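This briefing goes with the sequence and 3D structure shown below. Please keep both in view while reading.

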Amino acid sequence: MSEPADRRYGPAELPRSRGPISAAVLGALRRPPHALPSDLGAHLDPADPITDEDLQLTLFLCYEVHYRGWRGVDEAWEWQPTMLALRAHAERSFEAAVRRLVGSPPVPAAGVAAGLAELVAADDGPPLAATLQRRADLTQFREFVTHRSVYHLREADPHSWALPRLGGPAKAALVEIQTDEYGNGRLNRMHAELFRCTLERLGLDITYGAHLDAVPAVTLATNNLMSLFGLHRRLRGALLGHLAAFEMTSSLPNRRYGNGLRRLGFDEVATRFFDEHVEADAVHEQIAAHDMCGGLVDVEPALAPDVLFGAAAGLAIDRLFAGHLLDSWAAGRSSLRSPAPSPLSSTVLPSVPLATTASATLAPPAEPAVA
């Protein structure tokens, strides 16, 4: 089994277990593909699937074999039937919890684009971006970037699962958005690469999947939701709705993230990822709502409720994520399962006074949910 010599891009190292089911999956992945115990999934029915560490890590383990894979793990696990059966059991629990959380947003008479705008306008997510802009200290900002590294080092990949499942105007619009996400074919402009620069400037490990053990279940859930939508054709409408909500709530928060890093004394290399999204996502917002989602529903009208469900689900899970960070900081504790590592000695960090942790508890004005 050959693996890339450059470890920045994956496969990721297997993380530590968080319960009996993820421990069983990790043990299995370290061996050649074989049948898992038939009753393994029966033990995976937590009270709150969205924040259950064992369930969310189990899902992430199962999903990652469809992305970059795991270092030292046989690639044949990707389609091992009993692994897929376990994943399906965990997915049913997770999806049911998400549907209980958001319900079924109605499709307005004005159409799906208007429905998306209404969902975004009504969203009252915790003011994470304003806190990072105005009050968060360097430790808290490094925590935020650590959380987001799980997604941003593979940015756009989950939504690209929709490409072979679409045709017509929705596909054309998605290609336009994804082309920007992938840097128009230029490696140094890919959003994942820009984020890697931000990680490096903040003294954090830039390796793909390096921070999995540090992030809690709610962070894994924000990623697992995209994979759930992306890996099921029946949820293609939800996947596009999720992307639309993501783009429609991204521009202002990213401006605030960039300003927060500038307040802490960081240079344009550190802020370029966020600055890039300010302009790009303002354009993507219209393409995503009208051309992509509107185009999909024009061709497949029955998918309109799924589009709005996916958008509502993305906004709701992001609210939980933002609330976790702000609640943790208000209580004077880390939002990570283990604190972010000390900055790498080779990294040049700004020599400016840092805000106190307590200052993050001050209430900034309301804003859209974290992008």
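The points below cover aromatic rings, charges over rings, a glycine in a loop, and cysteines. The model is predicted. It holds 9 aromatic pairs and 0 disulfides.

- A pair of aromatic rings is described by two values, the distance of the centres and the angle of the planes.
- For Phe141 and Phe144, the ring centres are 6.0 Å apart and the planes stand at 90°.
- Planes over 60 degrees apart count as edge-to-face, so Phe141 and Phe144 form an edge-to-face pair.
- Phe141 and Phe144 belong to helix H6, which covers residues 138-152.
- They are 3 residues apart in helix H6, so about one helical turn separates them.
- Both Phe141 and Phe144 are buried.

**Aromatic pair between two helices**

- The ring centres of Tyr151 and Phe246 are 5.7 Å apart, and their planes are at 65°, so this pair is edge-to-face.
- Tyr151 is in helix H6, while Phe246 is in helix H11, residues 236-248.
- The pair therefore ties together parts that lie 95 residues apart in sequence.
- Tyr151 is buried, and Phe246 is buried too.

**Charges over rings**

- Arg99 has its charged end over the ring of Phe309, at 4.0 Å from the ring centre.
- Arg154 has its charged end over the ring of Tyr67, at 4.0 Å from the centre of that ring.

**A glycine in a loop**

- Gly103 is found in the loop that runs between helix H3 (81-102) and helix H4 (112-122).
- Gly103 and Ala313 are 210 residues apart in sequence, but their C-alpha atoms are 9.0 Å apart in space.

**Cysteines**

- How many disulfides does the structure hold?
- The count is 0.
- Buried means under 20% relative accessible area, so Cys62, at 2%, counts as buried.
- Cys293 has a relative accessible area of 0%, and is therefore buried as well.

Definitions and conventions:
Residues numbered from 1 in each chain as written. Predicted model: local features only at pLDDT ≥ 70, side-chain atom pairs only at ≥ 80, totals over all residues. Heavy atoms only, no water. Phe/Tyr/Trp six-rings, centres within 6.5 Å; stacked < 30°, edge-to-face > 60°. Helix = DSSP H or I, 4+ residues; strand = E, 2+ residues; numbered from the N terminus. Buried < 20%, exposed > 50% of the residue type's maximum accessible area, 1.4 Å probe, protein only. Lys NZ or Arg CZ within 6 Å of the ring centre and 35° of its normal. Disulfide = S-S within 2.5 Å.
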